[in-house]
Structures are given as structure tokens and as C-alpha cells.
Amino acid sequence: MPVTLYRMSIVPFIRGLETLSHILKKGSNAESTIPASKLVSARLHPDMQGLAYQIQRVSDTAKGVAVRVAGLDPVAIADTETTFEELQERITQTLEILNRVKEEDMEGKEDQEVVMKTMHGEKRFTATDYLLQYAVPNFYFHVVAVYAILRKEGVDVGKMDYLAGGRELL
């Protein structure tokens, strides 16, 4: 089976969001010993954003691929989550968006231009380069940041929670 844009982004993004939901549940279950408000705002370092921000960026990165490459209409989700329940709802909304993407929506778009507007100006990529150089690494950076924040705060998450996300690994 060839590696397609869909298989290198949407499929692992869905799995990554399911993993994120799993480790977030472990954080929520730790509320008896660690206040939820502390976890949701916790940071790895003072110059990094907190847990809620990390989940928002995972969501936005995944939604960005669905829009910029697969051609779905943009779906705005306000960055207002302050509870585990609200963060889980954002993950659910993002999964719903990704589940609307069909593999054929991304077929033949490897060299399509993708324009990403940032506060530093426009960045232009081919769809393949956008996925490999920005979207996929950015997605995993923020997923790992959530894992690391929860672990730093004393939540019982381990490597298999990250790799398997509550599922059988193979």
C-alpha cells in the first residue's frame, strides 16, 4: 500500500487525538490528588504555554490539514477551554472534522500549493512539504507537550499510554 497524504496525516492524527483523549482522561482521574485547574493551566517551563493551549494547537494543526489539503470548509473552535470536559469536547469536535475527510479528498494533491498565514507572514509549501515539514512535526510536538506536562505534574502516564493510547499496540 503506497504512502499517501491521507495516510501520513489524517490516519495518524486521528490516532494521536484518541491517544490525547486517553492521557487527558488519566489527568482527569488524578483530580482527587491534583486540582484540575492546576493541571489544565500547568506548563513545562515558564516561557511555554499551558496544557489547554497545547491541546488547542493539536486541534488547530489537524483542522488546518483538513482545510488546506483536503479542502474541507474551515471550522472555527474558540480557544476558551478551561476544564477537562471542555478539552475532551474539543478533541471530539476535531475527530469529527477529520472523520469527514476521505482519502480521495487528498489524492493527487502532493504538489498543490499550501499557503499558511502566520504572524510572520505567509509561508508557502507543497502539500507534501507542508505535512512533512510543518503539520506532522507540529502536531506531535504539542501531543508530547501534553503528555510531558501531565507527567511532570504527577499524573500516572507512561510510554505505553502515549504509544498505545489505551488500545492494543499492534
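**Close-up 1. Lysine 63 pairs with aspartate 60 in a salt bridge.** In this predicted model, their closest N and O atoms sit 3.5 Å apart. (A salt bridge here is a side-chain nitrogen of Lys or Arg within 4 Å of a carboxyl oxygen of Asp or Glu.) Both residues belong to helix α3 (residues 51-68), 3 residues apart, or about one turn of the helix. The structure has 11 salt bridges.

**Close-up 2. Helix α5 has a kink at alanine 135.** After α5 comes glycine 154, with a positive phi near 100 degrees. Helices are DSSP runs of H or I with at least four residues, strands are runs of E with at least two, and both are numbered from the N terminus.

**Notes on the model.** Residues are numbered from 1 along each chain as its sequence is written. Local features need pLDDT of at least 70 and side-chain atom pairs count only at pLDDT 80 or more, while totals for chains, interfaces and linings use all residues; side-chain values use heavy atoms, with hydrogens and water left out.

Key:
The bend at a residue is the angle between axes fitted to the seven residues ending there and the seven starting there.
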